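This report examines selected local features of one protein model. The sequence and the structure are shown below.

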Amino acid sequence: MQGLIVINAHGFSENTFKQVSALKSKFDLLNVRVDIRTNADILAYVNEEGNIEASFVRNYDFVVYLDKDPYIALMIERSGIRMFNKASAIYLCDDKMLTHIALANHGIKMPKTISSPLVYDKFVVKEFKDQLLKEFSFPLIIKEVYGSLGLKVYLVHDENELSFYMKKLVNVPHIYQQFISSSFGKDVRIIVIHNKVIASMERSSKDDFRSNISLGGIGKKIKLSKEFEEVAIKASKILGLDYCGIDILYGPNGEPILCEVNSNAFFEHISKISDVDVAEVYAKYIVKTMKGQKRSKI
């Protein structure tokens, strides 16, 4: 059995290096050869006959996709190779608005979320701003739909700040969200593999409304409540994820309010906090899945 780990050509950070190294070492122990390549190394395309060519990746039985490039992901999958995660799941998780739309109408509590209107010039639609002011009270959250590690998320306190960000992001896809004050600087990160909760931790920050470890947040071990576990598993199933990190906020009465779903969440810190070797669990799941299925061309 041979596998391929795909990362972004311009995103090889220390965290990515640790993630990839941990996974590769676990595959080595399972006698599975795994290569590491970037999305720029993979020449996948639609040929003159209208067929997908992805000759390089045909040498592999599976791909662990630690990138968000939707086009390469789709073409690898269409070539008949099993993707972890699947291209459709990566696509839905990469765009925060698409995540909320996909999870809507399934009984999962989320912050009120409004997408910015698509415009083709650098002007703010005044009517849209008026509607926002009717729907939200301050403070509110603005998020660019593409972003991770807590970046590109803004806490807006008044109308002046709202106008500033609306002008700044007018041509950038973004969303407006209800601010859950009961979860200021605090949330729960849950790792789910094959619709099963593997590890969890509470993240908190004294100085920031965001609790991300990358921004100085601190993680601690917790006993996950059944309510939080059910929300995480339900979201994973709906989105069709093999692996994910799910962030859940605390509502006014301590109830779970889903914040975000990450298809390639880092696991080094949560593994230490929870005493669960997430890399080992994920690698074993992939190998078991591959042994139980035949490769078929789509």
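Is glutamine 177 buried or exposed, and at what relative accessibility? The model is predicted, and in it glutamine 177 counts as buried because its relative accessibility is 2%.

Glutamine 177 belongs to strand 10 (residues 174–178). Not counting residues up to four places away in sequence, glutamine 177 touches His100, Pro111, Lys112, Thr113, Phe136, Leu140, Ile141 and Lys143.

Glutamate 260 is part of strand 15 (residues 256–262). With a relative accessibility of 15%, glutamate 260 counts as buried, the cut-off being under 20%. Its contacts, leaving aside neighbours within four places in sequence, are Lys96, Lys143, Gly245, Ile246 and Asp247.

## Helix packing

Two packed helices are described by the angle between their axes and the distance between the axes. For helix 4 (residues 96–103) and helix 7 (residues 226–239), the axes come within 10 Å and cross at roughly 100°. Helix 4 is therefore roughly perpendicular to helix 7. On the helix 4 side, the contact involves Thr99, Ala102 and Leu103, which meet Ala235, Ile238 and Leu239 of helix 7. The residues of this contact comprise 5 nonpolar, 1 polar and no charged.

Helix 9 (residues 278–291) has 14 residues. From its first C-alpha to its last, helix 9 reaches 20 Å, close to the 20 Å expected at 1.5 Å a residue. Buried residues in helix 9 include Val278, Ala279, Tyr282, Ala283, Tyr285, Ile286, Val287, Thr289 and Met290.

## Aromatic pairs

A search of the whole structure finds 10 aromatic pairs. One of them joins phenylalanine 62 and phenylalanine 84, whose ring centres are 6.2 Å apart and whose planes stand at 85°, so the pair is edge-to-face. Because phenylalanine 62 lies in strand 5 (residues 62–65) and phenylalanine 84 in strand 6 (residues 82–84), the pair ties together parts that are 22 residues apart in sequence. Both phenylalanine 62 and phenylalanine 84 are buried.

Tyrosine 154 and tyrosine 165 form a stacked pair, with 4.6 Å centre to centre and 25° between the planes. This pair links distant parts of the chain, tyrosine 154 in strand 9 (residues 153–156) and tyrosine 165 in helix 6 (residues 159–168), 11 residues apart. Tyrosine 154 counts as buried at 14% relative accessibility, and tyrosine 165 counts as buried at 16%. Elsewhere, Phe27, Phe62, Phe84 and Tyr285 form one aromatic cluster; Tyr285 is also among the buried residues of helix 9.

## Backbone features

The peptide bond from phenylalanine 84 to asparagine 85 is cis, with omega near 0°. Asparagine 85 sits in the loop between strand 6 and helix 3 (87–94). A cis peptide bond, again with omega near 0°, also leads from phenylalanine 138 to proline 139, and proline 139 is placed in the loop between helix 5 (126–135) and strand 8 (140–144).

Asparagine 195 is not a glycine, yet has a positive phi of about 60°. It occupies the loop between strand 11 (186–193) and strand 12 (196–204), and at 27% relative accessibility asparagine 195 counts as partly exposed. Aspartate 275, likewise a residue other than glycine, has a positive phi near 60°. Aspartate 275 lies in the loop between helix 8 (268–274) and helix 9, and is exposed, with a relative accessible area of 61%.

Key
Residues numbered from 1 in each chain as written. Predicted model: local features only at pLDDT ≥ 70, side-chain atom pairs only at ≥ 80, totals over all residues. Heavy atoms only, no water. Axes fitted to C-alpha atoms, helices over the stretch in contact; angles between N-to-C directions. Helix = DSSP H or I, 4+ residues; strand = E, 2+ residues; numbered from the N terminus. Parallel < 35°, antiparallel > 145°, perpendicular 65-115°, else oblique. Contact = heavy atoms within 4.5 Å. Nonpolar A, V, L, I, M, F, W, Y, C, P; charged D, E, K, R; others polar. Expected span 1.5 Å × (residues − 1). Buried < 20%, exposed > 50% of the residue type's maximum accessible area, 1.4 Å probe, protein only. Phe/Tyr/Trp six-rings, centres within 6.5 Å; stacked < 30°, edge-to-face > 60°.
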